[in-house]
Amino acid sequence: MWVKRILIAAVFNGLAALGSRTLQAWDLNEGHRFQYLALWYGVGAVAAIVPAIRARARPSLADVAAGIALGITGLVGEICILRALQDLDGSVVYSGVIAGEIALVGIIGAVAFREKLGPYGVAGIIAGVASVVLLTLG
Amino acid sequence: LIGYAFMLLSIVSFAALHTIYRITGRRKCRVEAVNAVFLSFASAAACVVGAVLQPDGFIVEPEMRIRFVLLAAVTGAMVPLGVLFYMAALKVGKMAPSAMALGLSIIVPIFGSILVFGERLTPSRAAAICLALISIVFLWLDKRGSERSGRDVG
């Protein structure tokens, strides 16, 4: 079940990211990044409200806090990437961020949630990080 | 050095994002409601940040305007679906493999670049795609192994 769900999530996430790649190809990424994100998230918000209404999911205080925390961390991450790109090469920034993020998430998972990775899990993460680094290096 | 500091801050932010997803996915939060609040807030915040950091960015060349809006609309509609499935995956899986698998979604824009923009499939990209597939197989084997041995923490 996990594989199915995560693969579907990865495909949707990848399709969403295809927009950024297209924006870059149109040479609009540098000057219009946040306007694009505002519209991108905005359409996403409209699309998200429909299942929320269907599920009659009236947000509790915890839901609102979690949603705002997700929004803040996501945007801070984006702003920091944009700022880092002013000083560093894109291949360094993107591969470094993804590899670092996975490593830190692994540590948090092990320490805070006692999630243990087996040898296959470690091998999978090493192969995945190597794949991302190769992709960002071109 | 400042570039690396911002890179580090970005790593911490995104790791925090995954951690919040993990907590929200396993607690009694309503994922649909969290998703709607998250995207509404992010949209409004991106608008404010854009006004501060890129005030000229609100003006898009007239010939690109429709394309710009359509691109954001079509790809933006994928975001809540990706988030919902990711949160659903975190309910039954571990954080690091889930974040890794999501990170591998970078392959989709790479395929898109090859198909839509006619970019070349270089040997390093082909090797990266093979490694990504190997990674997914390993992560799946880990998940299967942990289910059998009861190593999964729920």
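In which helix of chain B is S13(B) found? In this predicted model, S13(B) is found in helix α1 of chain B. S13(B) has a relative accessibility of 8%. That value is under 20%, so S13(B) counts as buried. Leaving out residues up to four places away in sequence, S13(B) touches T73(A), V76(A) and G77(A).

Chain A contains 5 helices and 0 strands. Its pattern along the sequence reads α-α-α-α-α. The C-alpha trace of chain A spans about 45 × 40 × 25 Å along its principal axes. Of the 138 residues in chain A, 47% are buried. Among contacts in chain A with a separation of 6 or more, 53% join residues 24 or more positions apart.

The interface between the two chains was examined next. In chain B, 108 residues are in contact with 107 residues of chain A. Together, chain B and chain A bury about 9300 Å² between them. Carbon and sulfur atoms account for 79% of that area. Between chain B and chain A, 19 residue pairs are in polar contact, with both residues at pLDDT 80 or more. On the chain B side, the elements that give two or more residues are α1 (2–26), α2 (31–53), α3 (62–76), α4 (78–92), α5 (95–103), α6 (107–116) and α7 (123–149). Helix α1(B) gives the most to this side, with 21 residues. By class, the residues of chain B that touch chain A divide into 72 nonpolar, 24 polar and 12 charged.

The rule finds 1 salt bridge across the interface of chain B and chain A. A salt bridge joins the side chains of R22(B) and E115(A), at 2.9 Å from N to O.

The nonpolar core was considered in turn. In soluble globular proteins, nonpolar side chains tend to be buried together. The largest nonpolar core here has 72 residues. Within this core, Y41(A), Y21(B), F38(B) and Y86(B) touch the most other members. These four residues come from chain A and chain B. Neighbours within four places in sequence aside, F38(B) is in contact with Y41(A), G67(A), L70(A), G71(A), Y21(B) and V83(B). Two of these partners, Y41(A) and Y21(B), are themselves named among the core members that touch the most others.

L104(A) lies in helix α4 of chain A, which covers residues 90–112. The relative accessible area of L104(A) is 26%. Because this value falls between 20% and 50%, L104(A) is partly exposed. L104(A) touches I11(B), V12(B) and A15(B), with residues up to four places away in sequence not counted. D87(A) lies 17 residues from L104(A) along the chain. The C-alpha atoms of D87(A) and L104(A) are separated by 23 Å.

S113(B) has its place in helix α6 of chain B. The relative accessibility of S113(B) is 1%. S113(B) therefore counts as buried, the limit being under 20%. Beyond residues up to four places away in sequence, S113(B) touches R21(A), G118(B) and E119(B).

Note on methods. Residues are numbered from 1 along each chain as its sequence is written. Chains are lettered from A and ligands numbered from 1 in the order in which they are written. This is a predicted model: local features need pLDDT of at least 70, side-chain atom pairs count only at pLDDT 80 or more; totals for chains, interfaces and linings use all residues. Side-chain values use heavy atoms; hydrogens and water are left out. Contact means heavy atoms within 4.5 Å. Buried area is the accessible area (1.4 Å probe) that two parts lose on being put together, summed over both. A salt bridge is a side-chain nitrogen of Lys or Arg within 4 Å of a carboxyl oxygen of Asp or Glu. A polar contact is a pair of N or O atoms within 3.5 Å; within protein, one must be able to donate a hydrogen and the other to accept it, and residues adjacent in sequence count only if both atoms are side-chain atoms. Helices (H or I, at least four residues) and strands (E, at least two) are DSSP runs, numbered from the N terminus. Ala, Val, Leu, Ile, Met, Phe, Trp, Tyr, Cys and Pro count as nonpolar, Asp, Glu, Lys and Arg as charged, and the others, Gly among them, as polar. Buried means under 20% relative accessible area, exposed over 50%, partly exposed in between (1.4 Å probe, protein chains only). A nonpolar core is a set of buried Ala, Val, Leu, Ile, Met, Phe, Trp, Tyr and Cys residues joined through side-chain atoms within 4.5 Å.
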